[in-house]
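Please look over the sequence and the structure shown here before reading on. The paragraphs that follow lead from the overall fold to single residues and then to the interface.

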Amino acid sequence: MRGIGALRDAPAMQTVRLYGLVAAGGFRRFSTYRAATAAGVFTNTVFGFILAYTFVALWHERPQLGGYDQAQALTFVWVGQALLAPAALLGFGFQEELQERIRSGDVAVDLYRPADLQLWWCAHDLGRAAFQLLGRGVVPMAVGALAFELALPAAAGTWLLFLLAVALGCLVSFAIRYLVGLAAFWLLDGQGINLLNSLVAMLLSGTLLPLTVFPGAFGDIAQALPWAAMLQVPADVLLGRHTGAGVAGALAFQAAWAVALLAAGRALQSVATRRVVVQGG
Amino acid sequence: MAEAAAGIRGYGLIVAMWVRTTMAYRLSFAMTALGNLLMTAADFAAIAIMFSHTDVLGGFTFAEVALLYGTTSTSLGLADLLLGNLDRIGRRIRDGTMDTLLVRPVPVFAQIAADRFALRRIGRVLQGLIVLVWSLTALDGVAWTPVAVLLVPVMVLAGAAIYGAVFTCGAAFQFWATDAAEVQNSFTYGGNTLTQYPPTIFSKELVRGVTFVVPLAFVNWLPALHVLGRDDPLGLPGWVDFASPLVAAACCALAGLAWRTGLRGYRSTGS
């Protein structure tokens, strides 16, 4: 005999289970391509070395630039390479698939499903991020730590906070790319907006250079924008640049952007689905 | 020779078709070409920010680094425009559409290279050229002998040929590892990032590796060091500064061999 409580809980549990399965599917989908993962690890490691040497040259000329010493700057490089795929720092990702489904009209089928479009893709993308953090993040970071003197924390708590910051950064990254994906309802061809998204993500996440090195007001503004949540904040948490309430503030900054952008995605989704026109027969 | 002519003709026809397709979405083309230009300009912005904090990097001035940047980026841009879509071959092998190409009366290499030809990649070429021209006006103290003047276009073209050979080797590699397209990014985009910076900032082992193993140093480092009147960090004999066209020819020959070997060993995945 099922109690009333069980009946009331069932839909909520089913929802959690559904999106949990979608996330697990995203994880497994990307774990299938082992050669691609190995290729990605190789490429991230090569870029890590190249960038690390340029940072050594720059910090040799300007020690303490941007508030980092050389070991911290090099840590920033390798954290950047480790998060490149999970947090989609170059802006590539699921949105191209979503755009293709919007262009072809397959999205109409997605909207019929008993699952929310945004939550579905969010679960899928976070599953992917989890795999890529393990599959593509750990090895480049370890190689970087062996080849260069990095400023990695000894405290387990800092690493946990770092992982939390990474998760929030991946959520912000998803929320931005979901908006980009939905733009296909109006543009149909997503190439242009994808490219602009990549450009902004690459520049404003700190992938090329830490945002603290950016000159004057440009640097201040860049650090307040959501892209800062993707790499700059997690790296600073790992480097212990925020302490006590500062850590909470940094995580709240990420969470606030995640909530705002996810809400914007939800609003745009409801506008877009009201104007779905299925192309073709 | 007849085969080469047929290949070039087929390549031209397929490219023309894709250009017409691209122009069906004019606004999107304009946005993507501009986006491409800005995207590649982002790493130059990073270099500019570096030089806002320092006057020299590895002993090189901003204008000198800009010369390195402009030459290698233009070279990569040309190779990427003409052959960049070779990396789609892995996908074609996986989904079986590779077989279609084998029965068409145009060399497979030409078909793959022209497949989905992306005119928007002209953005990278333009951005590289802009930086290159700026660096040539900003450099002072360079002795513009006729040899040095000639060396600039020669290094850009030889560099493009070397990158083209890398793209081809990467595509040939995918006959064995169909999912590993990303490895070649280490040598193309990675090589581009590497050679944007002066060789003096990298470890000797790395410089040796890209001189003797994957000869990216010949894309621009060695000829550009000659133009700038600087010694190369490995102390190689002077004539290597002019060896880029020869190295490029050797790379293309090797790449052609790799491609043919890969294609000959191709086994269809079946239905």
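What percentage of the 281 residues of chain A count as buried? The share is 49% in this predicted model. Chain A contains twelve helices and zero strands, and its pattern along the sequence is accordingly written α-α-α-α-α-α-α-α-α-α-α-α. Its radius of gyration is 20 Å, close to the 19 Å from the globule rule for 281 residues, so chain A is as compact as a globular protein of that length. The C-alpha trace of chain A spans about 65 × 50 × 40 Å along its principal axes. Among contacts in chain A with a separation of 6 or more, 81% are between residues 24 or more positions apart.

One helix of chain A can be followed from end to end. Helix H6, residues 117-147 of chain A, has 31 residues. From its first C-alpha to its last, H6(A) reaches 44 Å, close to the 45 Å expected at 1.5 Å a residue.

Two loop residues of chain A deserve a look for their backbone angles. Gln64(A) is not a glycine, yet has a positive phi of about 70°. It is located in the loop between helix H2 (34-61) and helix H3 (70-84) of chain A. Is Gln64(A) buried or exposed? Gln64(A) counts as exposed, because it has 11 C-beta neighbours inside 10 Å, and the cut-off for exposed is 12 or fewer. Ala88(A), also not a glycine, has a positive phi of about 50°. Ala88(A) sits in the loop between H3 and helix H4 (95-104) of chain A. Here 27 other C-beta atoms lie within 10 Å, so Ala88(A) is buried; the threshold is 20 or more.

Helix H7 of chain A, residues 156-182, includes Ala167(A). Ala167(A) and Ile102(A) are 65 residues apart in sequence, and their C-alpha atoms are 28 Å apart in space.

The next topic is the nonpolar core. In soluble globular proteins, nonpolar side chains tend to be buried together. The largest nonpolar core in this model has 164 residues. The residues with the most contacts inside this core are Leu89(A), Ala165(A) and Val172(A), together with Ala113(B) and Ile162(B). Helix H8 of chain B, residues 146-173, contributes the largest share of this core, 15 residues. What does Ala165(A) contact, leaving aside its neighbours within four places in sequence? Its contacts are Val233(A), Pro234(A), Val237(A), Ala250(A), Leu251(A) and Gln254(A).

Last comes the interface. How many residues of chain B are in contact with chain A? There are 34 such residues of chain B, and they are in contact with 32 residues of chain A. On the side of chain B that touches chain A, helix H2 (26-53), helix H9 (183-187) and helix H10 (189-196) of chain B each supply at least two residues. H2(B) provides the largest share of that side, 15 residues. By class, the side of chain B that touches chain A has 19 nonpolar residues, twelve polar and three charged.

Key: Residues are numbered from 1 along each chain as its sequence is written. Chains are lettered from A and ligands numbered from 1 in the order in which they are written. This is a predicted model: local features need pLDDT of at least 70, side-chain atom pairs count only at pLDDT 80 or more; totals for chains, interfaces and linings use all residues. Two residues are in contact if their C-beta atoms, placed from the backbone, lie within 7 Å. Helices (H or I, at least four residues) and strands (E, at least two) are DSSP runs, numbered from the N terminus. Ala, Val, Leu, Ile, Met, Phe, Trp, Tyr, Cys and Pro count as nonpolar, Asp, Glu, Lys and Arg as charged, and the others, Gly among them, as polar. The expected span of a helix is 1.5 Å times one less than its number of residues. A nonpolar core is a set of buried Ala, Val, Leu, Ile, Met, Phe, Trp, Tyr and Cys residues joined through C-beta atoms within 7 Å. The radius of gyration is taken over C-alpha atoms; the globule rule is 2.2 Å times the number of residues to the power 0.38.
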